[in-house]
Amino acid sequence: MAEAALAKNPQADDATPLLSVKGLEAWYGESHVLHGIDFDVRFGEVVTLLGRNGAGKTTTLKAIMGVLPKRTGSVQFQGKELMHAPARFIAREGIAWCPEERGIFSSLSVEENLMLPPQVKPGGMSLDRIFELFPNLKERLSSQGTKLSGGEQQMLAIARILRTGAKMLLLDEPTEGLAPVIIQQIGHTIARLKQEGFTIILVEQNFRFASTVADRHYVVEQGKVIDMIPNDQLEANIDKLHAYLGV
Amino acid sequence: MPVHHIAIFAGLLALLIAAPFFFYPIFIMKILCFALFACAFNLLLGYGGLLSFGHAAYFGMASYVCAHAAKVWGLTPELAIICGTLVAGVLGFLIGSLAIRRQGIYFAMITLAFAQMVYFFSLQAEFTGGEDGIQAVPRGHLFGLIDLRSQESLYFLVLAIAFAGILLIYRIIHSPFGQVLKAIRENEPRAISLGYRVNRYKLAVFVLSATLAGLAGATKAIVFQLASLTDVYWTMSGEVVLMTLLGGMGTVFGPIVGAAVIVTMQNYLATFGAWVTIIQGLIFVVSVMLFREGIVGVISKWTRKPL
Amino acid sequence: MSDGVILAAENLTKEFKGFFAVEDVNLSVRRGQIHALIGPNGAGKTTCFNLLTKFLSPTRGRITYKGDDITSMSSADIARLGLVRSFQISAVFPHLTALENVRIALQRKRGDSFDFWRSQKVLSAFDDEARALLADVGLSEFETVNASDLSYGRKRALEIATTLALNPEMLLLDEPMAGMAQEDVERISALIKRISVNRTILMVEHNLSVVASLSDTITVLARGKVLAEGDYATVSKDERVIEAYIGAGHG
Amino acid sequence: MFELLGIPPQALFGQLLLGLINGSFYAILSLGLAVIFGLLNIINFTHGAQYMLGAFVTWMLLNYLGVNYWWSLLIAPVAVGITGVILERLFIRRLYHLDHLYGLLLTFGLALITTGIFKQIFGVSGLPYQAPPLLSGGHNLGFMYLPNSRAWVIIASAVVCLATWFVIEKTKLGAYLRAATENPTLVGAFGVNVPLMITLTYGFGVALAGFAGVLAAPIYAINPVMGENLIIVVFAVVVIGGMGSILGSIVTGFGLGLIEGLTRVFYPEGSAVVIFVIMALVLLVKPAGLFGRTA
Amino acid sequence: TDVKIGVMNDRSGIYADIGGEGSVIAARLAVEDFDAASKGINVEIVSADHQNKPDVGSNIARQWYDTEGVDVIADVPTSSVALAINEITREKNKIFLNSGAATSDLTGAACSPNTVHWTYDTWQLAHGTGSAMVENGGKTWFFLTADYAFGHALERDTSAVVKEAGGEVIGSVKTPFPGTDFSSFLLQAQASGAQVIGLANAGGDTVNSMKQAAEFGITQAGQAIAGLLVFINDIHSLGLDVAQGLVLTESFYWDMNDGTREWSARFEEQTGNKPSMIQAGVYGAVLHYLKAVEAVGNKETEAVMAKMKEMPTDDPLFGKGVVRQDGRKIHDSYLFRVKTPDKSEGEWDLYETVATIPAEKAFRPIEEGGCEFVK
Ligand SMILES: Nc1ncnc2c1ncn2[C@@H]1O[C@H](COP(=O)(O)OP(=O)(O)OP(=O)(O)O)[C@@H](O)[C@H]1O
Ligand SMILES: Nc1ncnc2c1ncn2[C@@H]1O[C@H](COP(=O)(O)OP(=O)(O)OP(=O)(O)O)[C@@H](O)[C@H]1O
Ligand SMILES: [Mg+2]
Ligand SMILES: [Mg+2]
């Protein structure tokens, strides 16, 4: 935990937010799921969205990424309004998304899955570094993507977007179904990415893990952000947080 | 049976008893045969989740056997129909036990493959009369007593058969067996893990569906006094899919409506020449684009009642 | 087998085109215990489950359940012997109501019901029993809700109720806690604890605190092979387990 | 001279070669279907009509505009492809998220309409098409007389099939396409223009049917129903190869052509049904077809 | 008297060109030429598409007879549908004027006192082509036979004729129906070395086998091809380059005499095509029927049928002829050869006459047909 806290990027305190979400609302068909989400992410920060099952965390990420049928409000990235852009433009701006259900393609080999997302910005992570992070993948490069075990698929899903050069990552429950060792590795990875200037929004159920990597935590409940807790004030607010999360 | 279903069945029955006074009886009988055929098919597709693309085999083969039994063996019509139906059941068992081991589009294709073989057999075999078919099938006397040359007797026989068949299908859907079937369609591995031998259920519903399709085909042979290759050709398999989808797959009444619409269309568009195909095509396109749930499916959605 | 072993696997092996997902695994689960199967991702846990319940056929090896060889039985028949599994991805019948979901399992008692001529009213005989099971897992108020409309945690609960309806002697649970919020984790752990009375449970789980608090015996798999076995205290101190699975920072 | 089951070996060679030529048509047509099914999950029942369209466009180009066969090889597939693009934009794109059945029904309806219109305009007896000078005539191979038009069919289809296979299985574009089949949203979220890609893919699959139509024009009768009977056989080919498998449909297309050719010699009556017998056998042994991937 | 004539045929499928709307127009021309109105006969013509499905056809026929007051059904190609309508017509005691169907069973095993089979049948085609070819030196034959009852019948009848005339059948191959690629079968035929390749098939099958025979240079290599059921529309669609040299039998050709030319020109004005023999047959049959009605003075079935059989036929298309007791219409039939492109003077200038088979020899003798009601 200490390690992550130390690894603060100098630019992190920069006043203008890299991503700013205001009054974001979203619907699935008839059902109104987000009721005005507001939060900011500054350059180089790791921010988590915490909340109970069904609070709307995943939906928030999808709304930012522009893959929902209906959304309103405002999402500004580097000062640019993304509300009316289709997903592919948002991706080209340098935002990458790792979905909750992983989205590994069964008709592609592991290697093809890994190489699939086009490079959107220069400076993506090299394959060597990726294999260093996730050695499992290297061994199974020619397997069919979905023949990997649950956890291996999760690794592949993360690895895949590191290559693209996108500097803003949206990670939806990246630790679900992973062995403790791997979770630790991912923790290290996130810390390292942060040092390298990546900005990350992390959706997590594993709040213990979240506290080891994040700068700030937003609490989502019923489609609204109801609180923000900086990581260094976590101890002080632990009871409040437990109440939010129903622990 | 929910009240609105009872009401619909009763209304339908009343309508059908009155129908021959307003419409041409043979035409209504044709609709009834196809309605039963489509309902039998829907039992497999809509409730068993299995898309068979070879149902013409059972329909057509039953029709040949029934025609042959009535014409050559001189059986009474009810026995001839039973013969046809049984043969369809046996054929369904043979093909079904091989086909149910496959899923989805492969299932559809394997049923099609067997149906093509049945077609090939029908084309080659002596007793089917090749492309001339079996003509001039006698309608005979029901139970040796009632002369079916009378259009009224024939009409009520066909009505009774089709209605009984459709009610039986209704009961199958709403039986404990039907409940297991539904579970299998929803989540097959889970049903297995609960200890259900799913293949036996699939085979059972396949055979039931084939048998009832056979009943429809055999009845049709008596009505039209002929059995021909059109009934075993793959386009007939396609037609029954279309009837079911147009009416509303997985609904009780959809296939009946679908059959009525398509048969009516074939009948009344018959004067339009090549326009028939164009109009039919347009209707399919429109129905897929605008009422995907089929006619009855859409009504069911509006009224919020399962139909 | 007199020593209380209910399920045993000998030299269980599964090969996928030259890749050994499970290799010479020997496993014995004792009657009445909660036995956990843990291990890093890709260790072969789910594969093991699939082998034990015959959703996959083993390349070699022998499986015995209550002393009988079940290696060549079909999945459905194994379930009929009282060895029932759940799935890593939640498995309910989405367009059936919660009550109907449970009833499908209860209906199994009637044997293979091919009685297509009977009204489904005969099934209402099972309603009371089904309601009791739903109450057990805290789903009473969702009786008439379609399973697809339940939240994730409740789907898992429903799945457990359905499984319990078969009154199995032995349960195989694959990651019952995956993706669950903290509150649900506790509810489900309590439930598992409760149902383990008179039953044997084999489960795969990554949530170590759950594993620690529930399991009597733990088998650790890594790269398709058994790495260690014992109770939590023993296993969690094992160097190799720490390296391969738990990691240094934990506990 | 020894004989094989009463057939002299030369004659057998000839028959095998003819089988292979027929197989070329199966290969191109099933390839188009496989591309469309594999990448769009649509069972394209209009394929037969689009094949017919290819032949008719070729005929119209020659008879109305005086455009010769060689230009038609290029123009007709593009023209047919464009009609495909229009259909995709107007109708098919609304069906991707639905069950296969609906795509089947829609494309079946479209096929009826297309065939109906052509019947209305051109009747059903068919139209004559004269092979271009280079393709009329032929060579005596010793064991048979091989018309140039047939030799050309083999070459053209082999080239087109291989190129298509390469693009889809071995290039980045192909990987996008395959991924987009499974999860278009996610691929879009990676920054790829999925809707355009899918439209063009359908257009391409349809253009392949059109291409087969051009190849057919000098050989087979050009009439509105020419695709109707072929389509079911071609479906069988796709299924044997493994739905959606590109390589599968090519290999199976040629292979079944050969087998059918042999049947025509030894049991001609059975040559229409042999493909279905093989399909049943294959599916019983290999559930997902010869080259199919199991999910 | 009011007379209602139902023209039923394939209006959307493979036989739509040889019958279809053209047959309806032919029937109308017959009514026009007969000048029915002025003779106090009120004729109404309806039409329908049987889609080559016997059940569709039989449904329409029953409905026509039972509820719509149709007295006569005309045309009806496709043997299975024709046989079905033959039965229904007998049951309902109406009149069936068949022009489109080929099966000689209509005046044989399945014959009916209510049916007239006007234009052609398989026996006629087999004999016309078979015996004339043998006489012209085509002694050895090989058949490409469409693998269904119609094809088998054509092959069987033609073989008998060939043998009778002193020829020899050295082989045959059954081709799947419907087929597209016949090259394999053609090569087998070529390898047999037969002088004549008989095409015992119809429609698209014939067109395809002709087209491919040309492609493989079969005729150039010296073998003759005989079409056993070929219509002028098929030749028109093949083009002379491909079809030249084909020998075939028909009952009618538009360019025979002034009468046929004049009528065909009128027909072409309305349809854009020259008439096929089937369309011509509908004209002839309807005309003869109307004459019989006029002669009888009412439309009572027995009387009209008797009149039709008693009264000789005479029309500009088929000339003079008779309707035999078994319902068979008797007229001359012709063996044609398809012209070479350089001899053709127009789009429809397709045939040259090789031989005329006189009426009395053109059709199956009545006693061989086995028709039951004819004693
Ligand atoms: N495809 C969908 N259609 C309709 N409703 C949906 C859909 N996906 C999610 N929802 C609903 O939207 C709400 C928010 O869901 P979301 O997936 O964003 O929650 P979450 O916070 O990510 O929860 P979890 O921790 O379970 O992943 C929930 O009530 C859920 O039921
Ligand atoms: N059908 C298959 N074909 C090929 N390889 C497979 C197949 N199924 C599993 N594997 C491989 O076998 C190994 C074990 O997989 P398994 O799913 O059993 O892992 P696991 O222990 O359940 O992992 P996790 O905890 O991540 O779910 C993995 O490396 C996986 O890639
Ligand atoms: Mg979520
Ligand atoms: Mg697993």
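**View 1. A side chain of chain A beside ligand 1.** In this predicted model, an N or O atom in the side chain of A:Thr58 lies 2.5 Å from an oxygen atom of ligand 1. The protein buries 62% of the 630 Å² that ligand 1 exposes when it is taken alone. The backbone also takes part in the surroundings of the ligand, for a backbone N or O atom of A:Gly56 is found 2.9 Å from an oxygen atom of ligand 1, and a polar backbone atom of A:Ala55 is 3.2 Å from an oxygen atom of ligand 1.

**View 2. The shell of residues around ligand 1.** There are 13 residues around ligand 1, and those that come nearest are A:Asn53, A:Thr58, A:Thr59, A:Glu100 and A:Gln205. Sorted by class, this shell holds three nonpolar, six polar and four charged residues. Helix α2 of chain A, which covers residues 57-65, gives the most to the shell, with three residues.

**View 3. Polar atoms of chain C beside ligand 2.** A backbone N or O atom of C:Lys45 is 2.7 Å from an oxygen atom of ligand 2, while a backbone N or O atom of C:Gly42 lies 2.9 Å from an oxygen atom of this ligand. From C:Asn41 it is a polar side-chain atom that lies 2.9 Å from an oxygen atom of ligand 2. On its own, ligand 2 has 640 Å² of accessible area, and the protein covers 88% of that area.

**View 4. The disulfide of chain E.** A disulfide is a covalent bond that joins the sulfur atoms of two cysteines. A search of the whole structure finds one disulfide over all chains, and it is formed by E:Cys111 and E:Cys371, whose sulfur atoms are 2.0 Å apart. The torsion about the S-S bond of E:Cys111 and E:Cys371 is about 85°, and therefore the disulfide is right-handed. Because E:Cys111 sits in the loop between β4 (95-98) and β5 (115-117) of chain E, whereas E:Cys371 belongs to the segment after α14 (366-369) of chain E, the pair ties together parts that are 260 residues apart in sequence. Both partners can be judged against the cut-off for a buried residue, which is under 20% relative accessible area: E:Cys111 is buried at 5%, and E:Cys371 is buried at 8%.

**View 5. A cysteine of chain B that is in no disulfide.** B:Cys39 is in no disulfide, and the nearest cysteine sulfur, which belongs to B:Cys33, is 12 Å away. With a relative accessibility of 3%, B:Cys39 counts as buried.

**View 6. A cysteine of chain C.** C:Cys48 has a relative accessible area of 1% and is therefore buried.

Methods. Residues numbered from 1 in each chain as written. Chains lettered and ligands numbered in written order. Predicted model: local features only at pLDDT ≥ 70, side-chain atom pairs only at ≥ 80, totals over all residues. Heavy atoms only, no water. Near = heavy atom within 4 Å. Polar contact = N/O pair within 3.5 Å; in protein donor to acceptor, adjacent residues only side chain to side chain. Areas by Shrake-Rupley, 256 points an atom, 1.4 Å probe, with all protein chains shown as cover. Helix = DSSP H or I, 4+ residues; strand = E, 2+ residues; numbered from the N terminus. Nonpolar A, V, L, I, M, F, W, Y, C, P; charged D, E, K, R; others polar. Disulfide = S-S within 2.5 Å. Buried < 20%, exposed > 50% of the residue type's maximum accessible area, 1.4 Å probe, protein only.
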